[in-house]
Amino acid sequence: MKLRDLEVFVVGNPPPGFGGRYFIFVKLVTDTGIVGYGEVYAAAVGPIAMQAVIEDVFARHMLGQSPDRIEQMFRSTYSAGFTQRPDPTVIGAFSGLEMACWDIVGKALNRPIHALLGGQVNDRLRSYTYLYPTEDQDPLTFYNNAEQSAACAARMVDLGFTAVKFDPAGPYTIMGGHQPTMVDIARSVEICAALRDAVGSRADLLFGTHGQFTTGGALRMAQAIAPYQPLWFEEPVPPDNMAALARVANGCALSVATGERLTTKAEFLPALQAGATILQPALGRVGGLWEAKKIAGMSEAFNAQMAPHLYAGPIEWAANIQLGASLPNLLMLEQIGTGNPFHQHLLTTPIHWEDGYVHVPTAPGLGVELNEDVARAHPYTGTRLHLEMQATPHPTAGGLWAGG
């Protein structure tokens, strides 16, 4: 059985758009006719250029190979062009293709992927949701409004979620780390207090940031929110500065989480050494399922847990579920499906979620199939990136924060 054909779907994500502007799915077909699906999360270049990268990686390192030669194909891609170091765009392209290979191998053996990653240890997986404005809430004020955030959190907990994530601390800027203003800190404290009052001990609070603080700024924020016992403080400093991450991890009482913008074990090992205790790999960027499984094994040795990240489409979500089912050190999974019904429309069979937990599919491979008719009916025709950061510096006077 050899890899023969590739098709790339760049699918526009209709309003409300939670999960990004578009999703990039790949479809691999073998010479025996078995189809596998994957998803690429990395998108630092425009969708046309990203599709070209995916096609090049497939043609150069995977075409004609047996789909079970995961390690060899990874090493070929990782070392391409005399690099032998993490390249988030190239490894991101490989990540989606690698997922599709596992989907094919599982289907060929009539086994779910988790059975091929050491076997199932979790029958159902705890999940959390971001706090997104509901239909009756104003998205322009939601991220600054403690009352609206608290009402949304209460609804999510009533649905069954036992953890909610939010990021009230101000915009993400291309200028790198900044000191939070007192407005940022006061808003963060107010929202933490309102959420803790709304959910009590029924749910954990997950304090999200996106690498926007200096070391001192992160420590100030951590001290301010600590009384509300957030389960984690996510990506408090820019992801390329492990020395700063170490100073934050060692200087505050909160558990530091990181990983959505890291790729391969080469970047996750320094994060563990710096003191991160919760790792959040995005499977469409990190190198795929096999690389994520290696990272999970490393994290066990550091007494750390895994919480796979999801700000993408449902194929990456399905891969997260397969990985999570095999991890003894799984903490929880991120979920978007309840906030964005388009996730489920893109699948021929919906993923089963109930009372805050995802049920692990038993079908072969990823356990889901892409609905190609829906994917083809929603092409992304724009040129913007999947996610973009604010180009202007953070205003020193604070101000309204319109969300990620």
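Reader: Where is Glu 235 found?
Author: This is a predicted model. Glu 235 sits in the loop between strand S7 (232-234) and helix H9 (242-251).

Reader: What is phi there, at Glu 235?
Author: Phi of Glu 235 is positive, near 45°, and the residue is not a glycine.

Reader: Is Glu 235 buried or exposed?
Author: Buried. Its relative accessible area is 1%, and the cut-off for buried is under 20%.

Reader: Which residue with a positive phi follows H11?
Author: Asn 303 follows H11, with phi near 60°. Asn 303 is not a glycine either. It lies in the loop between H11 and strand S10 (305-306).

Reader: Buried or exposed, Asn 303?
Author: Exposed. Asn 303 has a relative accessible area of 70%, and exposed means over 50%.

Reader: Back up to H11. How many residues does H11 have, and what does it span?
Author: H11 covers residues 289-301, so 13 residues. From first C-alpha to last it reaches 19 Å. That is close to the 18 Å expected at 1.5 Å a residue.

Reader: Which residues of H11 are buried?
Author: Leu 289, Glu 291, Ala 292, Ile 295, Ala 296, Met 298 and Ser 299.

Reader: Which residues does the cis peptide bond join?
Author: Pro 15 and Pro 16, with omega about 10°. Pro 16 is in the loop between strand S1 (3-12) and strand S2 (22-30).

Reader: Where is Gln 212 found?
Author: In the loop between strand S6 (204-208) and helix H8 (215-225). Gln 212 counts as buried, at 2% relative accessibility.

Reader: What lies 3.1 Å from a polar side-chain atom of Gln 212?
Author: The backbone oxygen of Gly 170.

Reader: Which residues line the largest cavity?
Author: Tyr 130, Leu 131, Phe 142, Tyr 143, Ser 149, Phe 166, Asp 167, Pro 168 and Ile 191. By type, seven are nonpolar, one is polar and one is charged.

Reader: And the largest pocket? How much space lies in it?
Author: About 1400 Å³. Its lining comes to 49 residues.

Reader: Which of them lie nearest the centre of the largest pocket?
Author: Tyr 41, Tyr 172, Leu 387, Glu 388 and Met 389.

Reader: How does the lining of the largest pocket divide?
Author: Into 23 nonpolar, 15 polar and 11 charged residues.

Conventions. Residues are numbered from 1 along each chain as its sequence is written. This is a predicted model: local features need pLDDT of at least 70, side-chain atom pairs count only at pLDDT 80 or more; totals for chains, interfaces and linings use all residues. Side-chain values use heavy atoms; hydrogens and water are left out. Helices (H or I, at least four residues) and strands (E, at least two) are DSSP runs, numbered from the N terminus. The expected span of a helix is 1.5 Å times one less than its number of residues. Buried means under 20% relative accessible area, exposed over 50%, partly exposed in between (1.4 Å probe, protein chains only). On a 1 Å grid over the protein atoms alone, a cavity is a set of points where a 1.4 Å probe fits but cannot get out, and a pocket is an open set with protein on both sides within 12 Å along at least five of seven lines; lining residues have an atom within 4 Å of a point. Ala, Val, Leu, Ile, Met, Phe, Trp, Tyr, Cys and Pro count as nonpolar, Asp, Glu, Lys and Arg as charged, and the others, Gly among them, as polar. A polar contact is a pair of N or O atoms within 3.5 Å; within protein, one must be able to donate a hydrogen and the other to accept it, and residues adjacent in sequence count only if both atoms are side-chain atoms. Grid points are joined across faces, edges and corners, and a volume is the space filled by probe spheres set on the points.
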